[in-house]
Amino acid sequence: MPISRRNFLRNSKNVLIGTLAFSNGAIALIAPSRAWSMPLNSLTSAEGETLLKVTRHIFPHDTLEDAVYALVVRDLDVASPLLPDGVRELNQLAGGNWAGLDETEQFRHVEAMAKTPFFEKIRSTAVVSLYNNELAFAHFGYEGAIGDGGYVNAGFDDLDWLPDPKPEDSGINPR
Amino acid sequence: MSLTENQKTFSHDDDSVVVVIGSGAGGGTLANGLAQQGINTVVLEAGLLHTTADFLADEWASFGQLAWLDPRTTSGSFRLAKDFAGLPAWIVKAVGGTTIHWAGASLRIRPYEFNALTTYGNVEGANLLDWPIDYDELAPYYTNAENRMGVTRTNDIGGLPGNNNFKVMHAGAQKLGYSCNTGHMAINSQPRDGRLGCQQRGFCFQGCRFGAKWSTLYTELPDGIATGHLELRPESHVARIEHDSKGRVTAVVYFDKHGKEQRQKARVVAVAGNSIETPRLLLNSATSMFPDGLANSSGQVGRNYMRHMTGSVYATFEQPVHMYRGTTMAGIIQDEAQHNPARGFVGGYEIETLSLGLPFMAAFLNPGAWGRDFTHAMDQYDHMAGMWLVGEDMPRETNRITLNTDVRDAFGMPVANVHYDDHENDIAMREHAFERGEAIYKAVGALETIRTPPYPSTHNLGSCRMSAKAQDGVCNGFGQTHDIPNLFISDGSQFTTSAAENPTLTIVALALRQAEKMGQMLKQGVV
């Protein structure tokens, strides 16, 4: 049986790779190295890269590292024809190579697919995956499980740009 | 040692026990109240038994651990039916019920709210009714509830210190002439009753790992078990209630943790499964004698389901806020919790701080949204303050829990369908509340304000309401069903109207009063 190029690619070692773009960002401070890679099980590298780009168009955070968007691709990396088919359709709509278009044109094609199961699968996965990881917490300024011990001595009331409330409104004076 | 390890147990054939279904604010409190009187009580709880050490500082993981995720369906014009079609309510399936998840706000219903029909008059499209009990009747039980729950600013208990989110709301309130403080919270401001003081952890919705927030899991239930008159059976999913030829309930059929059907005989049955499961259970218990379900001769079981008028306002600021640090519900403005029809609606609403972690902010800020507007708001997460608006919603006969026979749970029972249409009064109140919330934040320099639609409901009310006349509701002022003298409703389903206030304190007060009355009735042999 001849091995199609597509199946060959799907069965070889596929991976998403990248480099942190913001060397002074909150993520760079906690990342072990600037280069990152993420193996893919079902998606091809090209499909993974396209899905990462599509996710960036759906939830655009200009200074958020690709390494965080890659976590969305990881959660989309399951054996299902929905995503490869969607990527193929996107490329067809774009005249062959969606990723080769400029940003505005890329967005136009993503927007046109907004009601499709392909788009909704990416959006509904990303709205969880993109914001539910420690890299995102560092980027957006949320402390997550760091707060498990309580902020009573760690800044729960450290806001200093507004007047302090009166003790009878805030504090342990019995009322 | 596990809570249930050395507890007294009762035989399945023991028909002298009271069976309480559910272990939350209503069921847990009632069961302890009975056990303290020496009345043998079996609590059947569908969920798992956790300890506070199990609780997670991780929103999605905790949701998977605690939330009631058995299938439900929705219909109606409320936005949740579109955004979260399978998740109309955010309530807990675990020992302790939703007292694990609640934020702790402990407010008394106001005197006029017990007389909603008399005070507001007839409102078209609403099924308003006065409660069969009034404020003065419940007042001593409120006092008792506040003491046992350790509610701040009652019983000489100090208030909680306000967090960053509170400071923003408080400063805005000052500008607008509202009064604002850290409220009446069932969260220890200092160690009390064997429980720690609040450590300002900020994961109130995920279960209080320090036990500073009151929950039946580590108060009422262990107290009841210690008497030797309470047996707690976790992972016991009740399927139906049985009755005899005289129309009295006799037993409760449930599935144990192995999925095996069990039957516990009972002298009295009290249902406290929250306002969706409670009517579902009565409807699923239909027989040839009660073809429309138990206690449903009025046709009111499942009707008048209320979920409070709710909404959130989030605002962004030049300077950081870090609203997620500290108590989730850290402060309250009560000035709008009054009946003032000049505002264009009847009833009132409370303004309370609220915060979500980054994961749930993404999920709930504007469900279904994507693109630059959404990400622009998320980009300002650590500069955001937030509030929850919670007010009285109108009871409507058509807002109701029904059985969806097309969808079955793991035990083959029809699931609940939740139908809800916002009443015009709810919509007018929400608009007013959004405007006031935005004004509070704009008064202290908000860059942008965001209106967030209602979350899956934590305040589920009505659906088996109290009424003076049998034809108007399901149970009387003690929660005893009009039709079946030894069947009681013991949770928020009893509420005749929703009032504006967070309901837990009232559920507890009603349970304390019901326990006392049930004890007398058992002694007198009338049930």
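## Overall build of chain B

Chain B contains 12 helices and 16 strands. The model is predicted. Along the principal axes, the C-alpha atoms of chain B occupy a box of roughly 70 × 55 × 45 Å. The radius of gyration is 22 Å. A compact globule of 527 residues would come near 24 Å, so the value for chain B agrees with that expectation.

Burial points to how much of the chain is covered: 61% of the 527 residues of chain B count as buried. Take the contacts in chain B between residues at least 6 apart: 75% of them join residues at least 24 apart.

## The nonpolar core and Val269(B)

The largest nonpolar core has 196 residues. Within this core, Val19(B), Val252(B), Val269(B) and Ala270(B) have the most contacts. Helix H12(B) makes the largest contribution to the core, giving 9 residues.

Val269(B) deserves a separate look. This residue sits in strand E8 of chain B. Val269(B) is buried because 30 other C-beta atoms lie within 10 Å, against a cut-off of 20 or more. Beyond its neighbours within four places in sequence, Val269(B) contacts Val19(B), Ile241(B), Val249(B), Val252(B), Asn486(B) and Leu487(B). Ala126(B) is 143 residues from Val269(B) along the chain, and the two C-alpha atoms are separated by 31 Å.

## Helix H1(B)

Helix H1 of chain B runs over residues 25-36 and has 12 residues. From first C-alpha to last, H1(B) reaches 16 Å, close to the 16 Å expected at 1.5 Å a residue. After the helix comes Gly38(B), with a positive phi near 80 degrees.

H1(B) is mostly covered, with 11 of its 12 residues buried. The buried residues are Ala25(B), Gly26(B), Gly27(B), Gly28(B), Thr29(B), Leu30(B), Ala31(B), Asn32(B), Gly33(B), Leu34(B) and Ala35(B). The strands include E1 (18-21), E2 (41-44), E4 (230-233) and E8 (268-271). The helices include H7 (220-226) and H12 (504-524).

## Helix H11(B)

Helix H11 of chain B covers residues 424-442. At 1.5 Å a residue, its 19 residues should span 27 Å. The end C-alpha atoms are 27 Å apart, so the span agrees.

The buried residues of H11(B) are Asn425(B), Asp426(B), Met429(B), Arg430(B), Ala433(B), Arg436(B), Gly437(B), Ile440(B) and Tyr441(B). These residues cover an arc of only 135 degrees around the axis, so they lie on the same side of H11(B). They pack against helix H6 (164-176) and strands E9 (309-316), E11 (349-353), E12 (384-391) and E15 (448-452) of chain B.

Asn274(B) is not a glycine, yet its phi is positive, about 75 degrees. Asn274(B) belongs to helix H8 of chain B, residues 274-284. With 30 C-beta neighbours inside 10 Å, Asn274(B) counts as buried.

His308(B) also is not a glycine and has a positive phi, about 70 degrees. His308(B) lies in the loop between H8 and E9 of chain B. His308(B) counts as buried, because 25 C-beta neighbours fall inside 10 Å. Strand E9 (309-316) is one of the elements that pack against the buried residues of H11(B).

## Chain A and the interface

How many residues of each chain take part in the contact between A and B? On chain A the number is 37, and on chain B it is 46. On chain A, helix H7 (117-129) and helix H8 (134-140) each supply at least two residues of the side that touches chain B. By class, that side of chain A has 21 nonpolar, 10 polar and 6 charged residues.

Is Leu29(A) buried or exposed? Leu29(A) counts as exposed, because it has 9 C-beta neighbours inside 10 Å, and the exposed class holds 12 or fewer. Leu29(A) is placed in helix H2 of chain A, residues 26-30. Thr63(A) is 34 residues from Leu29(A) in sequence and 15 Å away in space, C-alpha to C-alpha.

Definitions and conventions. Residues are numbered from 1 along each chain as its sequence is written. Chains are lettered from A and ligands numbered from 1 in the order in which they are written. This is a predicted model: local features need pLDDT of at least 70, side-chain atom pairs count only at pLDDT 80 or more; totals for chains, interfaces and linings use all residues. Two residues are in contact if their C-beta atoms, placed from the backbone, lie within 7 Å. Helices (H or I, at least four residues) and strands (E, at least two) are DSSP runs, numbered from the N terminus. Ala, Val, Leu, Ile, Met, Phe, Trp, Tyr, Cys and Pro count as nonpolar, Asp, Glu, Lys and Arg as charged, and the others, Gly among them, as polar. The expected span of a helix is 1.5 Å times one less than its number of residues. The arc is that of the directions from the helix axis to the C-beta atoms. A nonpolar core is a set of buried Ala, Val, Leu, Ile, Met, Phe, Trp, Tyr and Cys residues joined through C-beta atoms within 7 Å. The radius of gyration is taken over C-alpha atoms; the globule rule is 2.2 Å times the number of residues to the power 0.38.
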